[in-house]
Amino acid sequence: MGFYLSKLATQLAYPLPAALLLALVSLLLLLATRRRRTALLGLLLALGGLWLASTPALADAWVRALETRHPPRSIEATPEASAIVVLGGGLRLPSPPALWTDLRGGADRVLHAARLHRAGKAPVVIVSGGRMPWSQSPLTEAEAMAELLREWGVPPEDILLEDAGRTTYEGALRTRELLAGRGFASVLLVTSASHMPRALATFRTLGIAAEPVATDYPSYSADRAPGFDWVPNAEALVATQRVFKEVLGTRVYRWRGWIAD
């Protein structure tokens, strides 16, 4: 129940539900107390905040502030390590009657892990990702990533599963146990560039010698007609939500001691 409530609280803090809740409270305040000025201010804040959060130019800038902390680098410039650890979060798991895993933007993580393995940067790929309690999928995220890696040419014997972690911290904790059990000294940590700051800090706080290998840079892939950077759209709102998730997640992780100061 605690895990579910923490996820729900995080969702409610995102721009869209937060703006809708503020607008609802403002309307109730107007109807119940006739405090027009306070209600109007609440509505303006809700609409203005939602407009800003949905503006592509602002969303790109916020996402880029996270992505530039770990810029892309070539395969040749990537060092070798004992294992490649790829974190879940880029897939939509199949639920009946669906048969196949759907790829989202973050699926670049899995593809890049396959590239690194093919280039000989590490002999083993560890896929990290469990299953949410409410999931109807027969697969964990680690199992889905392992299927993709096999399709993309990674031998099954070179893939290890960490399929119990439901969060970045849980995944890092269980990955550390897996690394210790096999005597692996270092890892290449593969995840989306916007997620890398929190993920890398979590792994290193647990004492894992992790080298960041970021991928998935959507803020640098924007291709819009002139002027459209300032026209709100749903895609920009999703990007802003991603930033909120990382900022809130980092604060919570620091508070709980999962990321060292």
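Tutor: A residue is called buried when its relative accessible area is under 20%, exposed when that area is over 50%, and partly exposed in between, with a 1.4 Å probe and protein chains only. The model is predicted, so local features need pLDDT of at least 70 and side-chain atom pairs count only at pLDDT 80 or more, while totals for chains, interfaces and linings use all residues. Residues are numbered from 1 along each chain as its sequence is written, and side-chain values use heavy atoms, with hydrogens and water left out.

Helices (H or I, at least four residues) and strands (E, at least two) are DSSP runs, numbered from the N terminus.

Within helix 2, Pro 15, Ala 19, Ala 23 and Ser 26 are buried. They cover an arc of only 60 degrees around the axis, and therefore lie on the same side of helix 2; the arc is that of the directions from the helix axis to the C-beta atoms. An α-helix has 3.6 residues a turn, so residues three or four places apart point the same way. The buried residues pack against helix 3 (36-53) and helix 9 (234-255), where contact means heavy atoms within 4.5 Å. On the other side of helix 2, Leu 20, Val 25, Leu 31 and Ala 32 are exposed. Just after the helix, Arg 34 has a positive phi of about 65 degrees.

By the cut-off given above, Thr 78 also counts as buried, because its relative accessibility is 3%. Thr 78 sits in the loop between helix 4 (56-67) and strand 1 (83-87).
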